[in-house]
Amino acid sequence: MRVLNRIHNNTKTPTSMLLSLMGLLTLCMLTHNAWSADGVGRYFQQMAADQSVTREVTLKELGMSVPLIFNGANSQRDIFLPVPAGVPVMNAALQFDASYLRADGGRTSMTLSVDGYPVVARKLAEDQGDLSQGVAISGQPRSDGFIHFGIQWSSVMSETVCSDQRAPGNALRVEPSSRFTYSYDRSAIKSIATAWSALPPNPVVLVSSRTLTADAYDTAWRMGLTLKRAAKKPRWMSVPAVGDTVNLSSISVPPELRGIPSFAALMNGDTQYKIKNNAEIAALFILGNQGPFRADLVIADAALNKILRDAMNALGAEIQASSADTGTIYQTWLKTDVAILDQPNAVDQVRLTSFVGSPVIMVSAKGGAKAAALFDTLWRPIAASKDVTVETAEALRGKAATVLLSQFGAINGTIEVSEKSERSVTFEIGELVGSGRLPSQIVFDVSAAPGTSGEAPVVSIFLNDYLLGARVMTVDGQPHRIAVDIPYYTLAAHNTIRIAFLRQPSKLHCHDVATSFPVAIFPGSHLKLKQMAVGNNFVGIAARYAKESTLIVKDEWLKDALAMLPMTVRMADAAGLSSIHTDFLVLKQGEVFKPTTPFLAMDVPLESKASAEAHDGMLVLNGAEKTPILQLKGLDGVGVAEVMEINGHSGIRYYTVGKHMPLLNNSFRLAHGNLAVLTDAGPVLQIDKDDPTDSRFALEDNPQSLWQRYMWVWLIVIAVIIFILISARVAQVRRNRRKAAESMGL
C-alpha cells in the first residue's frame, strides 16, 4: 500500500504536467534571451574596439584589364599598389596569379620585389608551370601612398652571351585577378587629405535616395568627376528605402545578431530580399560595412541625416527590447562608429567622420564646387584636419604663355633606362588652358648619361598616342631642350602627354652585361600656349569651357539619380567640363533652354534642332546641307553627342536614341569632329558633319612648313623676279648703248 500510495502521490495530472513544461520553456527562453542580449552587446563592443579597415584590390581594378606578358632576355615592370599615405598597414599581402611557358629552354628565372627589395626568386626548369603564390608585404608607412611591386623576368638562351639571346617561346603571364589585400588602423586616418589617399580604386559615393535635390545632384556629379580625374572609378549608392529589393548574396549574419528581428529577417535564404522596415536598412549597413553596403564619400544633406537616423533608431528599439543594457551599448556604439549622425550639415563644409566603423569623407550638398576645388587642385594636401569649411578655393590659372608639365603630375626626375622607360601626365583643356589659348608646342628639358659604348637613347614624345617627334639624345650629361609642335587634330578635351626613352644596348665584349643608365627630365619642361581661334568642334568647345560653362539636365534625371549620375560624370569628363567653374541648371518639364554660356546639355529640349534627331528609336544624321545622309529605325541603347549653337553660344548636346541610354563603362575622349555616336562600347563614330570625309585634314594639318607647302608659288615668284631683274638689266644696257651712240654722233 505504501508503495502504491507513493506512486500515486508522484503521479501528476495532465494540467500539472503542462504547467511544468511551460515553466521549463519560459526558463529556457529567458536564458536564451539573456545569452542573446549579452551576445549582441559583445558584438557591438567588439565592433567599437576593432579599429581595422580591410581593403582588397585586384590588378584589374587598377587598370590592368588584360594579362601582362613578359618575354625577352630581361623584362621588368613595376606595379603601384595604393595604400593610405603615411599610414602603417597590417596583414598586407599580394596573391600573385601567374603562369609561364618555356618552349625555348635556356636559363629562365623570375624575381619579385617590394619597394626595390627582392622577396621571391624562382628558377624555372619545366616547359610550363604555375607561378601563383602569396607574397607578404611589410607594413611600414609609405609617404607617397604606394607600394612598389616589381616583377623581373629573365630568359637567357645560353652561356655564350655574344649569341642571340632572344627566346620568343619563353614568356611570363601575370593575370589581372592577382589581388592585393591589406588592413589599416582607422584611428591613424587623422585628416581629410589622408582619408582621400586611403580611398579604394572604386570608392562608393553615398547619397540619400534615388531622388535628389538639385544641390545634392550638383555636388554628387562634381565629386564623381573629381574622383574620376584622380584615377578612381566611383560607384553610386543610395540609402535603400522600405519596399526596395536588395541583393543579399554577399551578406552573412553573425550568430550573435540572429536573435534581433531585423537581422533574423535577412536570413530567409532569398538572394533578392524586399526591405520591410527601417530597422532592416540599418541592419544592412551594419552587415555590409566592408562589403556591398558601405560608403567612402558621403553627400550630406538633411534628407540623408533623417533617413539614417530613423533607420538606426528603429534598430535601436529592437535591440532595446531585448535588453536595456544592450540598448545602452548600442547607443554608445552609434556615437563613436556612426558619428555621421551627430555631424551638423553646414554649407561649404568638408569633414572626416565615421560611418559604421569606417572613415568617410562627408561633403555638404551645398558646397560641391568648393569641395571639388579643394580636392581637384594642389590645395588638397593642405586639408590636414578633420573638419574644414571651404570659404574660397580656386584653381590656379597662369596668364603666361607657358604651363609647366609638373602641374599636371609627377613627370620630373631621373629614370634608369635599360631598354625602355616612359612617363606620362594628363591635362584637361577646359581646366588648365586659358580661354582662346590652346597648346601649340611641348617642350622637354632632358639630359642623358652615355652607355658603356657611348650609345645614346632615343626620346619619343607622344600626345594622345600620336608620335609628335623623336630624337637621338646627346649623351653628355648636360640638359638639352627638345621641342615638338602640336597639330590641332591631336588635341582632345582630355589629353595625355607621354615621353618614352629607348636605349639599344651594345656589347663590345662577350663578358659585357647590359646595364641601365640614367636620363633626367627637368622641371623646366612645359607646354607652350598660343592664342588661336577655336572652331565649333569638340576641342574648340572644351577650350571655351575654360572661361565659363553650364551643365544642364532634365528634372527627370534627379528622380533617378543613381542611373543618371554615371552618365553625367562620363559625358562631363569626355567633353572636358570643369568640376569647379561650371554652373548647374535643372530644366523643368516644358521649359526650353536658352544658354548664356558654352554648355553641355543632357537630354534636354533645345530651341534649335540638331543635325541628329531621335524619334522612337530612329536616328537621322543631316549633313552640311541639312539633308539626311543617314536614317536608321529600330535603334536602342544609342546616344548622340553633337556640337551646336543655341542663342549665340556654342556647346554640346547629348541625347538618347530609343528607350535606353548606352552603358558607358569605359572612359573615352570626344576629340575629332563635332558629332559622335555612342554605344555601350563608347564612340563608334566621330565625324565633322560639315566635312564627313575629313578632306580638309590634308590641307589644314599639313606638317610641312609654308616654304615647303607653297614651293611652286615661291618658284614662280622667284622666276618672275629674276625675269623682271633681267629685263630691267637688258633695258638698262640698251639705254646706255643708245645714250653712248647719241653722244658719239654729236
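Reader: What makes residues 1-36 a stretch to read with care?
Author: pLDDT, the predictor's confidence in each residue from 0 to 100, stays under 50 over residues 1-36. The model has 4 contacts beyond four places in sequence for them, a contact being heavy atoms within 4.5 Å. Where pLDDT is low, the predicted coordinates should not be read in detail.

Reader: What does the protein chain average in pLDDT?
Author: The average is 83, and 85% of the residues score at least 70. This is a predicted model: local features need pLDDT of at least 70, side-chain atom pairs count only at pLDDT 80 or more, and totals for chains, interfaces and linings use all residues. Residues are numbered from 1 along each chain as its sequence is written, and side-chain values use heavy atoms, with hydrogens and water left out.

Reader: Why is T582 called buried?
Author: Its relative accessibility is 2%. Buried means under 20% relative accessible area, exposed over 50%, partly exposed in between (1.4 Å probe, protein chains only). Therefore T582 counts as buried.

Reader: How do you know that the side chain of T582 reaches S578?
Author: The distance to the backbone oxygen of S578 is 2.5 Å. T582 also touches W221, R222, S549, T550, L551 and L577, leaving aside residues up to four places away in sequence.

Reader: Why is L558 called buried?
Author: L558 has a relative accessible area of 8%, so it is buried. Beyond four places in sequence, L558 touches several residues, among them R210, Y217 and V586.

Reader: How far apart are L558 and A216?
Author: They are 342 residues apart in sequence, but 9.3 Å apart in space, C-alpha to C-alpha.

Reader: How do you know that β23 and β28 pair?
Author: Two strands pair if DSSP finds at least two bridges between them. β23 and β28 (residues 494-502) have 9 bridges, in the antiparallel sense. For E428, the bridge partner in β28 is H494.

Reader: In what order do the strands of the open sheet run?
Author: The order of the 4 strands is β23-β28-β25-β26, with antiparallel pairing. What makes β23 (420-428) and β26 (466-472) edge strands is that each pairs on one side only.

Reader: How many helices and strands does the protein chain have?
Author: There are 16 helices and 40 strands. Helices (H or I, at least four residues) and strands (E, at least two) are DSSP runs, numbered from the N terminus.

Technical notes. A polar contact is a pair of N or O atoms within 3.5 Å; within protein, one must be able to donate a hydrogen and the other to accept it, and residues adjacent in sequence count only if both atoms are side-chain atoms.
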